[in-house]
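Me: Let us go through some calls on this structure. I want each one set against its cut-off.

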Amino acid sequence: MCQSITNRYREALLQLGFEEDAIDTVCRLDSWDPGQEILKVAEERKIPSIAVGRRGLSPAENILIGSVSSRVVQYEQYRTVWIMDPEAPPTGHVLIAVESHPECRALTYYVNEWIGPTPGKRYTFLHILPPFPPALWDDGHILDEQERTARHSWKRHWEEEKRRQVDQFMDEAREVLRSHGIPDSAIECRILPMQKGVAWDLLAHMESGHYEAVVMGKRSLREKKPFLLGSHANKVLQHARKVHLCLVGRAC
């Protein structure tokens with residue numbers, strides 16, 4: 001039964017043009033924990049990327065804590081994990097969600113190596129601006145006209161500086177893709193102010209953008225948040241639907 005399944009995948013890859021000697025199949029029997037078995041094989045064979053599918057027939061069963069997909073994402077610290085959704089539309093549009101300069105650089109080089117060689121793709125870099133820092137909040141009293149003017153000026157300068165920083169590393173990302181043959185017309189950079197939260201705003205954008213794939217960091221490289229403790233990646237993983245989700249690991 002295992003060989004019949006893996007042989008179907010082999011035949012599908014061969015029909016897509018893959019070389020036969022580039023395809024290998026592995027069958028592991030009597031596994032009590034398929035997620036850990038997948039990670040073990042990836043470690044043994046030095047495989048940098050893992051692809052798993054969403055499971056379940058209803059939205060509530062799509063991917064839950066304890067499923068094979070979520071366990072692979074949770075326990076794999078360094079490799080990149082793809083969560084493949086059969087309902088993702090074949091639009092060829094890839095969303096790259098970035099928070100910081102180091103993360104943008106890592107995601108850009110991953111996209112360039114693994115997705116860039118595929119022709120006909122479009123790329124959108126998206127950054128959600130964080131909220132104003134507490135120093136720019138109101139001070140608990142009604143501001144007079146002079147204070148309101150000063151506060152408005154500080155906020156404007158703060159946002160302009162943040163946008164300048166984001167524009168700088170997005171321009172670098174655009175240049176990397178362009179240098180490898182991806183036309184400038186296929187690359188878009190967007191900066192949006194935060195509304196409800198980074199993860200929730202990203203999910204709302206994903207639902208309205210008809211993206212085929214979303215690429216983001218598995219762990220925040222800026223804040224070093226653990227994956228399961230309120231991280232943006234974990235929230236997106238639990239709620240994203242009808243899109244291939246790529247969570248890039250730290251070793252990329």
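Me: Why is Met1 called exposed?
Reply: Its relative accessible area is 83%. Exposed means over 50%, buried under 20%, and partly exposed in between (1.4 Å probe, protein chains only). At 83%, Met1 is therefore exposed. The residue sits in the segment before α1.

Me: What should I keep in mind about the model?
Reply: This is a predicted model, where local features need pLDDT of at least 70 and side-chain atom pairs count only at pLDDT 80 or more, while totals for chains, interfaces and linings use all residues. Residues are numbered from 1 along each chain as its sequence is written, and side-chain values use heavy atoms, with hydrogens and water left out.

Me: What makes the patch around Met1 nonpolar, and which residues form it?
Reply: Met1, Ile5 and Tyr9 form it, over about 410 Å². Patch residues need over 30% relative accessible area and no salt bridge; nonpolar side chains (Val, Leu, Ile, Met, Phe, Trp, Tyr) are joined within 5 Å, like charges within 9 Å. Met, Ile and Tyr are on the nonpolar list, so the label applies. Areas come from the Shrake-Rupley method with a 1.4 Å probe; for residues, only the protein chains shown count as cover.

Me: Why is Arg71 with Asp33 called a salt bridge?
Reply: The closest N and O atoms are 2.5 Å apart. A salt bridge needs a side-chain nitrogen of Lys or Arg within 4 Å of a carboxyl oxygen of Asp or Glu. At 2.5 Å, the pair therefore qualifies. Arg71 is in helix α3 (residues 68-75) and Asp33 in the loop between α1 and α2 (34-44), 38 residues apart. Both are partly exposed: Arg71 at 24%, Asp33 at 22%. The chain has 15 salt bridges by this rule.

Me: What makes the links from His93 to Arg122 and Thr124 polar contacts?
Reply: The distances are 3.4 Å to the side chain of Arg122 and 2.8 Å to that of Thr124. A polar contact is a pair of N or O atoms within 3.5 Å; within protein, one must be able to donate a hydrogen and the other to accept it, and residues adjacent in sequence count only if both atoms are side-chain atoms. His93 lies in strand β3 (residues 93-97) and is buried at 8%.

Me: How do you know that Val166 and His127 are buried?
Reply: Val166 has 4% relative accessibility, and His127 has 5%. Val166 is in helix α5 (residues 145-179), His127 in strand β4 (residues 122-129). Contact means heavy atoms within 4.5 Å. Beyond four places in sequence, Val166 touches His127 and Ile191. Ile191 is 25 residues away in sequence but 7.9 Å away in space, C-alpha to C-alpha. Contacts of His127 include Val98, Phe169 and Leu192. A polar side-chain atom of His127 also lies 3.0 Å from the backbone oxygen of Val98.

Me: What share of the chain counts as buried?
Reply: 40% of its 252 residues.

How values were computed. Helix = DSSP H or I, 4+ residues; strand = E, 2+ residues; numbered from the N terminus.
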